[in-house]
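Please look through the structure below with these notes beside you. They take up a pair of helices and then the surroundings of the ligand.

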Amino acid sequence: MTNDSRPRLTTTAGAPVASNSTSQTAGARGPVLLQDYQLIEKLAHQNRERIPERVVHAKGWGAFGTFKVTKDITHLSAAKVFDTVGKTTEVLTRFSTVAGEQGAADAERDVRGFSVKFYTEEGNWDIVGNNTPIFFIRDGIKFPDFIRTQKRHPKTNLRSPEAMFDFWSAQPESVHQVTILMSDRGIPVNPMHMHGYGSHTFSVWNKDGVRHWVKFHWRCEQPIRNYTNAEAEVLIGKTRESYQEDLYNAIDQGRFPKWKLHIQAMPEEDALTTPYNPFDLTKVWPHADYPLIEVGEMELNRNPENYFVFVENAAFSPSNVVPGIGFSPDKMLQARIFSYADAHRYRLGTHYEALPANAAKNAPVNHYHKDGPMRFFTNDFGNPDAYYEPNQHGGPVADPGVQEPPLKISGDADRYVQEDSDADYVQPRALFNLLPADEKQRLFDNMGAAMGPCSDAVKERWLAVLGRVHSDYEAGVRASLKKNSDVNAISVTQDTPVEAAE
Ligand code: NDP
């Protein structure tokens, strides 16, 4: 302790520091001595204060909270997180935009990430989804290309509507997600006023080994609220951090946001007969066929003590499942099982799961992974001889009791191309049909504004996709594009005398 009882400043090695404001110099006028380790250490640390931002979902907002089971689903899942009504489990959430960098404005038109980490007694379970029930593509092999179209053009270093709509028009299954993106729900006012979805098809199995395919839905208990393009433009002119402000302040002031967790459950054998592929990430399961089943409620009630430690370092991955919850043949999910964990290994390091945000809190962690950079935990099971498996030295052993039921697989290994059919347009059509007339008009205008800068060739290709959803959809966006180009033509005409005078 110092004289005034504040803690004494130290080096990272714990040695007391004599001065934190004056470099050590040879004489009062310098130069600086290289032996001034406090100076060297401060500068070196500053250079290392950033880690690579996420390639996708770089800008995010997070909070801790509690998940409470409200309904019994033990007949569907043996996962301990669900085993008792009333049981609570601590969660960490992170919401995000997808395309923008860390400094991007929060209120941009984009899909929102919606990730939840449950610190369960059988290890961490992550639902790593979005605020949309579906996605732009259904095959992970297209993911790097798709994301490239959302990021900056290599030459102009600008976002490129031409690239986005060029890609989407060649992947017509994307029209479902693009419709949601361009609809009223494309700019939620903040993370507290939007639903969340696990999006992928997962599986659950019960104690008898009966499997169901499932979709996870977070139903927002706050009203759904969104900004129009015009409202968002005004807001972004005032603050780029509106989501961080809203979420942080709500929790700080005790206005805790809540979501109900529901599942849709499909008997395993139904997957062979549904008219849509239930493992296709561009498709929902209609509520009428598979109604929502309530499971529990999540309340966010604690702001992280340190943003970097608990939000920037948070590593969510669909690979994190626990016994009673598993994967499905969804091709995008299977790609993400690898790519998300691998992104964390690259961005945070080999032992990212041992960081405070990611370390299991309610389950022992016993593995034989060894060493590497930043191995900052011991994990030696109390016996240094137990460093391989199998061993006779009391090291941890696998538990066959948590084996998931066998997965029935049929068919030849091949690269299956999905035939062009109406199947990709049925569900976007259902969505289009349920939108009221005024929302349809905003959809036309939002899409017209977004694709305004595109070439005529790309515009026509995308309009043809819209026409296959609904002729009114194509006509509405075409009219909006024309309206915009007429306005532009008028403003060019108005400019002409000024240019002529120069
Ligand atoms: P339902 O009428 O039972 O459900 C319609 C769903 O659409 C509701 O969840 C509703 O959310 C949501 N919704 C309304 N407006 C929008 C919008 N602008 N963007 C995104 N979602 C919106 O119909 P079905 O289950 O038969 O599905 C019909 C269509 O609704 C689907 O093809 C799909 O496009 C869309 N949808 C379906 C979902 C599902 O899981 N079945 C989930 C979300 C959308 P709310 O209840 O808050 O109004």
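1. Helix axes are lines fitted to C-alpha atoms over the stretch in contact, and angles run from 0 to 180 degrees between N-to-C directions. Helices (H or I, at least four residues) and strands (E, at least two) are DSSP runs, numbered from the N terminus.

2. This is a predicted model, in which local features need pLDDT of at least 70 and side-chain atom pairs count only at pLDDT 80 or more, while totals for chains, interfaces and linings use all residues. Residues are numbered from 1 along each chain as its sequence is written, and side-chain values use heavy atoms, with hydrogens and water left out.

3. The axes of α2 (residues 143–150) and α3 (residues 161–170) cross at roughly 145° and come within 7 Å. In this contact (heavy atoms within 4.5 Å), Asp-145, Phe-146, Thr-149 and Gln-150 of α2 meet Ala-163, Met-164, Phe-167 and Trp-168 of α3.

4. Which residues are the closest to the ligand? They are His-176, His-195, Arg-219, His-287 and Gln-427, in a shell of 20 residues, where a residue counts if one of its heavy atoms lies within 4 Å. The largest share of this shell, four residues, comes from α9, and α4 (175–182), β7 (211–220) and α9 (423–434) each supply at least two.

5. Oxygen atoms of the ligand lie 2.6 Å from a polar side-chain atom of His-176 and 2.9 Å from a side-chain N or O atom of Arg-219. A nitrogen atom of the ligand is 3.1 Å from a polar side-chain atom of Glu-439.

Key: A polar contact is a pair of N or O atoms within 3.5 Å; within protein, one must be able to donate a hydrogen and the other to accept it, and residues adjacent in sequence count only if both atoms are side-chain atoms.
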